[in-house]
Amino acid sequence: MRWTLRFALPALLLVLTLFAILYIKFAQIWDQYSAPTYAWASLQNTFRGSNLDNPPAVVGKVEDKVVIMARVESEDTNWVAENLPDWQHAIYTVDPSTSTPNITLTTPYNKGHESMAYLTYIIDHYTSLPSILAFIHPHRRGFSDAWHTDTPLHDNVDALRTLRLPYVQENGYVNLRCNWNPGCKKAHRKNKHINAEVWQEVFKGASKASFSQPDYVPGEVGAACCAQFAVSRKRVLERPLSDYEGFRHESPRPL
């Protein structure tokens, strides 16, 4: 009996230690992917005929809101027109080939990830912007591909159909991901590159404090990921066209 206890206790301690290590290592990823919510939503969708695939459409004029995204030519984005008929869509192909139809929107350069398409749309339509602009990624959904889309099934159709347009108009900017994991960790928010000069040039007017305090510079700068957001026309027009042209020009051209 003593020998059994002598081996059982260390074995139990080892198992608990391994469990603690695994929990610490994977808890953040578990939360980042919203795994429990996704698993439950998938079960509902599969076995109970859930309506998660078809949430009620948002009421709005088709000509007054637009979806903007960047895609490579191999990506299928037909889901946008099929599932979001009440939205305009501006889908930019960043790597057009010789077989790309002339009607396809393209970016000046294949650089800057989705920001090149986002800025190109604003620059080309600055004087005729819709009331609401939604900037999203080209994949509709998927646990691994679209984990950053903050809906039960990581579904961009769901995200846009349930987007509260009046709130976007009121707030001016809405990040389509509410989960701060991943985001800027506390240790990363004190960015040495954001000094007074940079803040005044690039970020002036980005916070309420900066409107009332001309020399205001925050102690920390951070945001949740992942380059999917909605903005109002009014917020976009708070900057002159030259600012957006400058942002797009800043990235070095590809060789």
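Start by selecting Asp64, which sits in the loop between α2 (35–47) and β1; helices (H or I, at least four residues) and strands (E, at least two) here are DSSP runs, numbered from the N terminus. What you have on screen is a predicted model, so local features need pLDDT of at least 70 and side-chain atom pairs count only at pLDDT 80 or more, while totals for chains, interfaces and linings use all residues. Residues are numbered from 1 along each chain as its sequence is written, and side-chain values use heavy atoms, with hydrogens and water left out.

**Stop 1: around Asp64**

The cut-offs are under 20% relative accessible area for buried and over 50% for exposed, with partly exposed in between (1.4 Å probe, protein chains only).

Now show the neighbours of Asp64. Setting aside residues within four places in sequence, Asp64 is in contact with Gln88, Pro130, Ser131, Ile132 and Arg233, where contact means heavy atoms within 4.5 Å. Gln88 is 24 residues from Asp64 in sequence, and their C-alpha atoms are 7.8 Å apart. Draw a distance to Ser131 too: its side chain makes a polar contact with the side chain of Asp64, at 2.9 Å. A polar contact is a pair of N or O atoms within 3.5 Å; within protein, one must be able to donate a hydrogen and the other to accept it, and residues adjacent in sequence count only if both atoms are side-chain atoms.

**Stop 2: the sheet**

Switch to cartoon view and pick out the strands. They form an open sheet of 6 strands in the order β3-β2-β1-β4-β6-β5, with mixed pairing. At the edges are β3 (105–106) and β5 (173–175), each pairing on one side only. Two strands pair if DSSP finds at least two bridges between them. Strands of a sheet pair through backbone hydrogen bonds, either parallel or antiparallel.

Zoom in on β5. It is joined to β6 (residues 229–232) by 3 bridges, and the two run antiparallel. Select Tyr173 and look across: its bridge partner in β6 is Val231.

**Stop 3: helix α4**

Next, select residues 114–124. This is α4, lying across β1 (65–71), β2 (88–93), β4 (132–135) and β6, and running at about 140° to β1. Axes are lines fitted to C-alpha atoms, for helices over the stretch in contact, and angles run from 0 to 180 degrees between N-to-C directions.

How many residues of α4 are buried? The count is 8 of its 11, so to speak a mostly covered helix. Among them are Met116, Tyr118 and Tyr121. Besides strands β1, β2, β4 and β6, the cover over the buried residues includes α10 (233–236) and α11 (241–250).

**Stop 4: the cores**

Show side chains for Ile68, Tyr121, Leu133, Phe135, Val236 and Tyr244: these have the most contacts inside the largest nonpolar core, which has 20 residues. Elements giving two or more residues to this core are β1, β2, α4, β4 and β6, and the largest share, 6 residues, comes from α4. A second, separate core of 18 residues includes Val67, Ile91, Ala134 and Leu160. A nonpolar core is a set of buried Ala, Val, Leu, Ile, Met, Phe, Trp, Tyr and Cys residues joined through side-chain atoms within 4.5 Å.

**Stop 5: the rings**

Rings of Phe, Tyr and Trp (its six-membered ring) pair if their centres lie within 6.5 Å; planes under 30 degrees apart count as stacked, over 60 as edge-to-face and the rest as tilted. By this rule there are 6 aromatic pairs. Take Tyr126 and Tyr244: with centres 6.3 Å apart and planes at 50°, the pair is tilted. It links distant parts of the chain, Tyr126 being in the loop between α4 and β4 and Tyr244 in helix α11, 118 residues apart. Tyr244 and Phe247 have ring centres 6.2 Å apart and planes at 85°, so this pair is edge-to-face. Tyr244 is buried at 8% relative accessibility, whereas Phe247 is partly exposed at 31%. Elsewhere, ring pairs link Tyr118, Phe135, Tyr173 and Phe229 into a cluster.

**Last stop: Asp155**

Finish in the loop between β4 and α5 (156–161), where you'll find Asp155. Asp155 counts as buried, at 1% relative accessibility. A polar atom of its side chain lies 2.8 Å from the backbone nitrogen of Val157.
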